[in-house]
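Subject: Structure for you to look at

Hello,

Here is the structure I said I would pass on. My notes on what was found in it follow below.

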Amino acid sequence: MYGYQPPIDGPAIGAESSWFELSSVTAAQPNIVPPAVTVVRFDTSQELTWAGFQDGRVHSYLHPTADKYSSFTAHTSEVADILVEHHGLITLSHDNLRYYTRGGLLQLSYGHDTFQHMRCMEYLDEQKGHVLVGGDQPSLLVFDVDSSRVLKSVKLDEGTSIVRKAHNLVACGGVRGQVSLRDPRSFRIEHSFQTHPEGVTSMDLKDYLMITCGLSSRMGRLVVDPMVKVFDIRSMRAMAPIAFPMGAFQAKFLPKFSSTACIVSQTGTFQMTDVKGSSSQIEFHQLNTAGDPITAMDISSSGELVGFGDTGAFTHQWANRDDPHLNFRSHPVAYASAPDPPSFLISKDTPLNMLPMPDRLSDDEDEDDLLSDWPEDFIYPMHIKSVPIPPEVTKSIKTRDFMEYAPKPREMLRNQVQGELPALVPRYLGGFRGQQKQRSTLPSTPSSSSGRAAPRSSPGGVSLSLSSGGLASPSPRSQGHPKFQRPFRKYRRMIITSHRFGVEEFKFSQFNKTKFGVLENILPNTYCNPSIQLLYFIPQVQRYCLNHLDDKEFSFVDELGFIFNMLRTSNGRNCHTSNLLRALGQSEKARSLGLVESEEEYYSADPRPQDLQERLFAFLLQTLQNECKENTTSFTHNSAIRSETALQNEQSMDNPLGVPLIDQLFGFTMLEHDRCSVCQQPNTQERNALYVQLVYPSPEQYLFSKPTFAEVLSHSLHNDDLLGDCVHCGTTKATARTQTMKSLPGVLCIMANLTEETERFWRPEKGTRDFSSSNWLPHKLKIRLDEHGVNIQEYSDYLANGATVPSDDTFELTGVVSHILDPGDRYNKGGHWVAHIKIDPTLHGDHKDPSMKPGWYLFNDISCSSAQSDEPIRFDSQWRRPSILIFSQKKLLHPSQVMHPLNPITSDLFYIPNPFGKPLPPLSTEPESLLEVEFKSPSASASAS
């Protein structure tokens with residue numbers, strides 16, 4: 001009977017078959033020799049099957065689909081054994097022991113000189129994490145998984161090929177065929193059996209029975225022993241062996257039965273037999289291994305599944321029922337958590353390639369269709385017709401060997417062709433709906449004097465460039481709209497849409513990704529938002545307004561302080577300016593200057609004045625100046641509710657001479673010398689100013705070259721030949737007047753005073769591609785006072801002289817307010833204003849965020865975004881015009897010059913009966929009216945009814 005092999009998938013021998021193949025999965029890869037399966041283990045906690053391979057990898061498969069659950073490289077050599085526990089699994093190689101999670105995350109790795117050709121391991125105490133490890137060396141190791149160390153080493157007479165624990169005995173199968181039964185506490189030998197002469201390959205214990213498989217020698221050759229030895233460990237004697245002619249390579253008891261075992265041979269034949277019963281109960285089955293020897297076997301804890309592994313990298317599973325389970329009570333399999341979808345807000349500026357696409361892996365074709373998918377009937381390839389070769393090229397063709405070549409015509413640039421485009425192309429290149437399909441002919445490009453062809457496009461034409469990688473969309477200017485040019489999206493007016501519950505549902509966060517606060521624009525007169533942001537980011541003004549508190553009903557310093565406090569604590573949220581706008585509407589001077597908009601004017605499409613923002617900023621400076629001068633009187637009124645520290649903090653803003661803060665920062669003195677043209681009497685007077693209004697020279701004064709910004713600013717500070725009233729004779733005629741700047745301000749405020757005639761100064765020079773050199777506004781100025789007046793040089797010009805730049809008279813551009821005109825916004829033809837502000841977060845204590853980098857930021861009402869350094873000084877008269885310029889001295893931008901504000905309202909306020917010192921109205925002792933109320937319980941009312 002030795003060597004007998006029943007037919008594949010044939011019926012059981014000796015009994016009706018009850019076992020069938022459930023699944024067969026392989027780990028082989030194409031063009032790679034498949035690694036042999038060295039160990040198969042069923043998970044005792046979850047529905048998983050584990051397989052270790054010869055190349056050191058470990059795979060796990062889900063039950064019952066046999067889909068791969070995890071796969072990882074556990075060792076560099078073959079996996080000798082696997083132990084599965086509740087939290088993970090322990091893998092053993094010849095020289096290393098490791099602990100992994102079920103997902104393949106390494107938790108423990110241990111290697112020692114005592115690890116030599118390790119073969120097997122078994123739990124000694126699973127609760128304590130003690131593992132028995134054996135191998136070819138004559139010792140048995142007790143390893144503690146929790147502490148990652150060897151607790152004990154037991155000397156043996158021979159190496160250990162397999163170790164098993166049952167009840168109060170530890171069975172060690174030796175490499176020479178001896179099985180020793182040891183005490184698990186002292187590891188003293190209680191009894192030993194000589195089983196197989198050439199070694200033990202498999203062993204299992206259940207109750208008082210023990211079965212072994214091994215190797216024997218036949219005619220000098222090592223063969224698998226055809227006998228399965230059975231022992232009674234209760235009486236320590238051998239029982240009748242079981243004959244297995246195909247060679248018993250692995251054997252293991254079934255958990256459901258007391259004495260039924262599964263025996264398998266290397267040829268793939270296995271049988272279910274009762275080790276104490278008759279031969280009539282034997283069942284034979286054959287695995288379809290395609291000739292690959294069986295190398296591993298295991299049985300699930302439920303006894304309903306048997307797993308096998310072969311040298312062809314196949315893992316087979318057999319079952320005895322239709323819906324088998326690995327364990328009686330399994331924990332749910334822990335799958336890898338799917339990554340959360342990216343949390344981002346979709347705005348108009350979000351690129352389409354940033355939007356996530358769904359996984360179109362569903363079996364239902366209808367679910368995979370997207371709304372943007374076209375029907376297959378409408379999809380067909382469309383090609384552009386090849387451009388014909390020009391006649392002048394065909395006439396100059398020369399042939400050499402089998403190649404023809406011709407010189408390229410000079411009227412075409414490199415990577416450019418001429419010809420007709422299909423009729424559908426103009427519609428996709430920027431055409432509007434409703435236009436008829438037109439054929440667009442590429443115009444010719446005549447040669448320039450330099451020998452290169454100058455590209456040119458005619459109205460309605462489309463230029464095609466192969467080097468650009470595709471078709472370029474023509475600008476609106478080429479479509480017959482020479483003045484229709486919309487600003488960039490971040491410069492356009494921000495519209496807040498109101499929902500059912502007001503503006504609270506509006507997503508303001510999609511317009512502001514920074515930590516700086518922004519201002520709403522839903523109320524009239526919110527055009528003042530850029531000026532408020534400009535004052536807020538001047539640290540000295542911010543600190544002063546936050547420290548100020550007055551008892552007047554309408555105080556601009558207090559209202560600005562309240563807004564600044566909201567901006568400091570907003571953390572990037574939106575703020576409103578309703579209180580300041582209410583104070584602005586109550587100001588008689590603001591109404592007389594035309595700074596107050598009515599609700600009808602706010603919602604109308606009429607254009608706004610160009611200088612509206614400049615007049616507002618000048619009004620705010622003058623109003624803050626007047627309120628700062630009245631600051632001494634406010635101390636006496638508010639001393640009851642202000643702490644002494646806050647008073648000293650605010651009083652320190654004024655110098656010993658009593659100059660208010662606004663005069664210190666923005667104020668400067670102009671010395672005027674004039675002589676009347678009638679009485680010829682000279683007059684000299686001083687004038688204090690808070691800002692400079694640019695006065696542009698006439699075209700006759702610059703016939704050959706455009707003056708620089710420094711020259712125009714110097715001309716504005718002199719401003720000769722003005723009309724004025726003579727203080728001596730009272731006539732009003734042109735006087736010979738000269739102005740001299742007597743002192744420098746800390747913050748130089750410049751009003752652009754732009755008109756249609758003076759727009760040419762701010763336009764970039766034509767024919768240049770270097771935007772940095774074409775910008776008329778410099779980043780830094782150097783202003784010096786001498787006996788001849790004021791000397792202004794641009795920063796770059798001063799560096800060219802090779803001298804050093806002192807920081808006291810160097811002014812740096814820190815703020816620009818621009819007027820934005822959007823022809824595409826039909827509801828706001830007058831435009832709106834935005835502010836570019838250079839911010840240093842170190843000067844603002846509430847914005848010390850590592851993500852907030854110093855530099856330029858664009859504030860457009862509820863929108864705030866970073867800007868490039870040359871963006872504030874780059875103007876386009878078609879849609880962006882300058883309005884207010886702020887230059888600050890470098891010494892004011894140092895952190896040592898900025899003190900953090902103190903809250904003017906302290907806890908002392910709660911202990912003062914009447915903070916403002918005003919008499920309270922007398923309380924009347926007799927009430928004017930009495931109200932009689934009677935309360936009744938519901939039970940009493942019900943009983944009364």
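**A buried alanine**

Ala319 is buried, with a relative accessible area of 0%. Buried here means under 20% relative accessible area, exposed means over 50%, and partly exposed is in between, with a 1.4 Å probe and protein chains only. The model is a predicted one: local features need pLDDT of at least 70, side-chain atom pairs count only at pLDDT 80 or more, and totals for chains, interfaces and linings use all residues. Residues are numbered from 1 along each chain as its sequence is written, and side-chain values use heavy atoms, with hydrogens and water left out.

Ala319 is part of strand S30 (residues 314-319). Helices (H or I, at least four residues) and strands (E, at least two) are DSSP runs, numbered from the N terminus. Neighbours within four places in sequence aside, Ala319 has contacts (heavy atoms within 4.5 Å) with Ser18, Trp19, Phe20, Leu22, Glu304, Leu305 and Pro324. Ser23 is 296 residues from Ala319 in sequence, yet the two C-alpha atoms are 9.2 Å apart.

**The chain as a whole**

The chain has 945 residues, of which 44% count as buried. Its secondary structure comes to 17 helices and 49 strands. Taking contacts between residues at least 6 apart in sequence, 56% join residues at least 24 apart. The accessible surface (Shrake-Rupley method, 1.4 Å probe; for residues, only the protein chains shown count as cover) is about 52,200 Å², and 52% of that belongs to carbon and sulfur atoms.

The average pLDDT, the predictor's confidence in each residue from 0 to 100, is 77 for the chain, and 72% of the residues score at least 70. In residues 1-16 the pLDDT is below 50, and this stretch has 31 contacts in the model beyond near neighbours in sequence. Residues 797-805 also have a pLDDT below 50, with ten contacts counted in that way.

**The cores**

A nonpolar core is a set of buried Ala, Val, Leu, Ile, Met, Phe, Trp, Tyr and Cys residues joined through side-chain atoms within 4.5 Å. The largest has 62 residues, and the members that touch the most others are Leu535, Phe564, Phe617 and Phe666. Helix H10 (residues 612-629) gives this core its largest share, nine residues. Apart from this core lies another, of 33 residues, including Val712, Ala752, Leu754 and Ala867.

What does Phe666 touch, not counting residues up to four places away in sequence? The list is Leu535, Ile538, Val541, Leu621, Ala689, Leu690, Pro745, Val747 and Cys749.

In H10, 14 of the 18 residues are buried. The end C-alpha atoms of H10 are 26 Å apart, which agrees with the 26 Å that its 18 residues should span at 1.5 Å a residue. The expected span is 1.5 Å times one less than the number of residues.

H6 has 14 residues and reaches 20 Å from first C-alpha to last, close to the expected 20 Å. Its buried residues are Phe556, Val557, Asp558, Glu559, Leu560, Gly561, Ile563, Phe564 and Leu567. Their cover includes H4, H5, H7 and H10. Ser555, in the loop between helix H5 (539-547) and H6, is buried too, with a relative accessible area of 1%. Asn571 follows H6 and has a positive phi, near 55 degrees.

In helix H7 (residues 578-586), Leu580, Leu581, Ala583 and Leu584 are buried. They are on the same side of H7, because they cover an arc of only 160 degrees around the axis, taken from the directions from the helix axis to the C-beta atoms. Helix H4 (529-536), helix H6 (556-569), helix H8 (588-592) and H10 are among what covers them.

**Loops**

Lys348 is in the loop between S30 and helix H1 (365-368) and is exposed, with a relative accessible area of 70%. Its C-alpha is 8.4 Å from that of Arg489, 141 residues away in sequence.

Pro64 sits in the loop between strand S4 (57-62) and strand S5 (68-73). The peptide bond from His63 to Pro64 is cis, with omega near 10 degrees.

Asn31, in the loop between strand S1 (20-26) and strand S2 (37-42), has a positive phi near 65 degrees and is exposed, with a relative accessible area of 86%.

Regards
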